[in-house]
Amino acid sequence: MLVVMQSHATPAQISVVLQAIRDLKLTPHPLPGATRTAIGITGNVGAVDSRTLEVLPGVSELIRVTKPFKLASREMHEADTYVKINPLAGRASDGLGSPSLARPANSETVIGPGTLTMIAGPCSVETETMILRTAEFLMENGVRLMRAGAFKPRTSPYSFQGMGLEGLKILEKARQKTGIGIVTELMDTEHADAVEHSADIIQIGTRNMQNFSLLKRVSLTRKPVLLKRGMSATLEEWLMAAEYVMAGGNYNVILCERGIRSFSDHSRNTLDLSVIPPAKKLSHLPIMVDPSHGTGKRDYVPAMALASLAAGADGLLIEAHPDPDHAASDGAQSLSFEGFKKLLESLKRLAEPLGKRLN
Ligand code: PEP
Ligand code: MN
């Protein structure tokens, strides 16, 4: 259910409605808009008895939300969501020295329609040297968010599992030195505090998209969540996973398509670009695409990155490595710095006619 307030509703009238919803043992979610406030209601099993709410002063109308996902739906939140990241704001220097290439502390990255947000970097944190080199390379090329996993979900228990907490420290150092924002995966609730502290965006991987205790845990964090699509998840299941994060009070969710399982074996996964238009139609959340895991082969990444942009993606997550042939994980799909630079040039050229600007 969505309560739409009148455009001239006062803050006091809004408070009364919020309290009335709580009195019904339901959860109100105020959604301030450009012209008026709406209040989403969650927590009801059946239909909400609307009579107690529609008579309250300042209430314009009550709208029933038909989809099973509520806060993630356009029915409840018509305007596009923009997720804002400001990596240096509110952080102490942690004794790591002053940033050399740092952006101004107030410089924000805004993820959503009209922008092209690039998140790039190696699959895993391997050494401090390669992470610093990557962060400097990205910042010099105008890419302000770096990806790299410290905790790695690997198919084989004998494969490199990531550097863990030590890897997080390296990522923090890179942010402190260069001002780059950090995107890194959280695999389990045990490391939630550590990853929340180190990351600017918490990545939830494809294998954990329906790990509901993990989703509930990140719903309590204050960091935006990059929610990868489960490799066999429908759009509705994906949006229900986003709903878990939002239901707990974290509205900053970025969807990320990364390829699904199909009968095709010419690529690692089948990058489902056809999910972008319906995702945009049903949800207000920004959507990014990861053509690296989507294809599994670096030769195919540029074509699918450009196609993602044309299909309406708000950004891209790309694996790039200073020495891809010797990467500890996912080297085959990682671009070299030279390859990444070339792709970035093509993306900028395509972004212009699409009305998008590189963040
Ligand atoms: C990754 O981004 O390195 C990763 C493991 O992604 P996914 O969860 O999509 O496989
Ligand atoms: Mn990877």
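Which domains does the domain assignment of the protein give? Domain 1 covers 2-63 and domain 2 covers 83-358, with bounds taken from an automatic or database domain assignment. This is a predicted model, where local features need pLDDT of at least 70, side-chain atom pairs count only at pLDDT 80 or more, and totals for chains, interfaces and linings use all residues. Residues are numbered from 1 along each chain as its sequence is written, and side-chain values use heavy atoms, with hydrogens and water left out.

**View 1. The two domains.** The C-alpha centres of domain 1 and domain 2 sit 35 Å apart.

**View 2. The shell around ligand 1.** There are 13 residues around ligand 1, and Arg 147, Lys 152, Thr 206, Lys 228 and Arg 258 come nearest (near: a heavy atom within 4 Å). Sorted by class, the shell holds 7 charged, 4 polar and 2 nonpolar residues; Gly counts as polar here, and Asp, Glu, Lys and Arg as charged.

**View 3. Polar contacts to ligand 1.** Thr 206 puts a backbone N or O atom 2.9 Å from a ligand 1 oxygen atom (polar contact: a pair of N or O atoms within 3.5 Å). For Arg 207, a polar side-chain atom is 3.0 Å from an oxygen atom of ligand 1. In the side chain of Glu 319, an N or O atom lies 3.5 Å from an oxygen atom of ligand 1. Taken alone, ligand 1 exposes 290 Å², and the protein buries 97% of that (Shrake-Rupley method, 1.4 Å probe).

**View 4. The largest cavity.** Searching the whole structure turns up 1 cavity of 30 Å³ or more (on a 1 Å grid over the protein atoms alone, points where a 1.4 Å probe fits but cannot get out). Its lining includes Thr 109, Met 118, Arg 144 and Leu 358.

Notes
Chains lettered and ligands numbered in written order. Polar contact = N/O pair within 3.5 Å; in protein donor to acceptor, adjacent residues only side chain to side chain. 1 Å grid on protein atoms, 1.4 Å probe; cavity = no way out; pocket = protein on both sides within 12 Å on 5 of 7 lines; lining within 4 Å. Points joined across faces, edges and corners; volume = space filled by probe spheres on them.
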